[in-house]
Amino acid sequence: MGKRGPKPKSGARLPNGRLSRKKPDIMNRLIGEHDKEERETMRPAIEARHRHYGYDAKTAKDQMAGSFVGRLRMGGEITDQQYQAAVLYLDVYHEMQIAVGGPKPSGAVNLNATKGLPGPENVERSAKALADWRAAEKAIQYRQNELRGQGAIYAALDYCVIRDGEHMHMLGWLREGLNALARHFKIGDKRKAA
């Protein structure tokens with residue numbers, strides 16, 4: 001006759017035999033690599049990535065783990081060329097926002113920040129930023145027109161790259177948009193799609 005009751009749960013045990021409720025400290029794995037102050041600074045981000053996505057300390061420390069597109073790249077859902085196109089598209093977007101004085105992205109509150117536009121306006125930089133943004137939008141629109149309006153490329157790029165939201169149902173349209181941007185930015189082999 002077998003043992004009665006449910007199977008015992010696996011995990012660390014206390015000296016009295018009970019299951020320990022203490023969470024494992026994943027930061028101990030990084031002791032040799034960083035000093036104490038740097039580890040404490042990285043702790044919230046690394047623990048959050050471990051808790052939400054199950055990454056170990058080395059993987060959670062990677063910069064790509066901090067964005068949806070980066071996690072797609074780490075998981076092999078998109079190619080390196082598509083990831084580079086997403087990073088360039090985000091840079092072009094931020095430069096355009098600075099040029100037009102658009103709203104700053106939400107984030108941590110900086111009480112020491114100065115209000116208003118930064119310094120004297122750099123006309124050449126603003127004109128280049130707007131031209132780069134229009135060219136990227138034109139490349140996306142060209143691909144959207146090839147699909148005869150059946151795609152959601154703009155929405156996928158907006159929600160997944162610019163707003164950094166996790167929308168797995170838009171992955172196909174995101175790939176299409178990133179392929180168009182990779183061709184526009186001349187990333188990788190021009191003859192084949194990224």
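Biologist: What makes Y89, Y93 and W133 one aromatic cluster?

Modeller: This is a predicted model, in which local features need pLDDT of at least 70, side-chain atom pairs count only at pLDDT 80 or more, and totals for chains, interfaces and linings use all residues. Residues are numbered from 1 along each chain as its sequence is written, and side-chain values use heavy atoms, with hydrogens and water left out. Rings of Phe, Tyr and Trp (its six-membered ring) pair if their centres lie within 6.5 Å. A search of the whole structure finds three aromatic pairs, and Y89, Y93 and W133 form one cluster.

Biologist: Why is the pair of Y89 and W133 called stacked?

Modeller: Planes under 30 degrees apart count as stacked, over 60 as edge-to-face and the rest as tilted. The planes of Y89 and W133 are at 25 degrees and the ring centres are 5.5 Å apart, so the pair is stacked. Y89 lies in helix 4 and W133 in helix 5, 44 residues apart, and the pair links these distant parts of the chain. Helices here are DSSP runs (H or I, at least four residues), numbered from the N terminus.

Biologist: How do you know whether Y89 is buried or exposed?

Modeller: Buried means under 20% relative accessible area, exposed over 50%, and partly exposed in between (1.4 Å probe, protein chains only). Y89 has 3% relative accessibility, so Y89 counts as buried. W133, at 15%, therefore counts as buried too.

Biologist: What joins the side chains of R125 and E95?

Modeller: A polar contact of 3.1 Å joins them. The term covers a pair of N or O atoms within 3.5 Å; within protein, one must be able to donate a hydrogen and the other to accept it, and residues adjacent in sequence count only if both atoms are side-chain atoms.

Biologist: How do you know that the span of helix 7 agrees with its number of residues?

Modeller: The expected span is 1.5 Å times one less than the number of residues. For the 14 residues of helix 7 (residues 171–184) that gives 20 Å, and the end C-alpha atoms are 20 Å apart, so the two agree. Buried residues of helix 7 include L171, L174 and G177.

Key:
Helix = DSSP H or I, 4+ residues; strand = E, 2+ residues; numbered from the N terminus.
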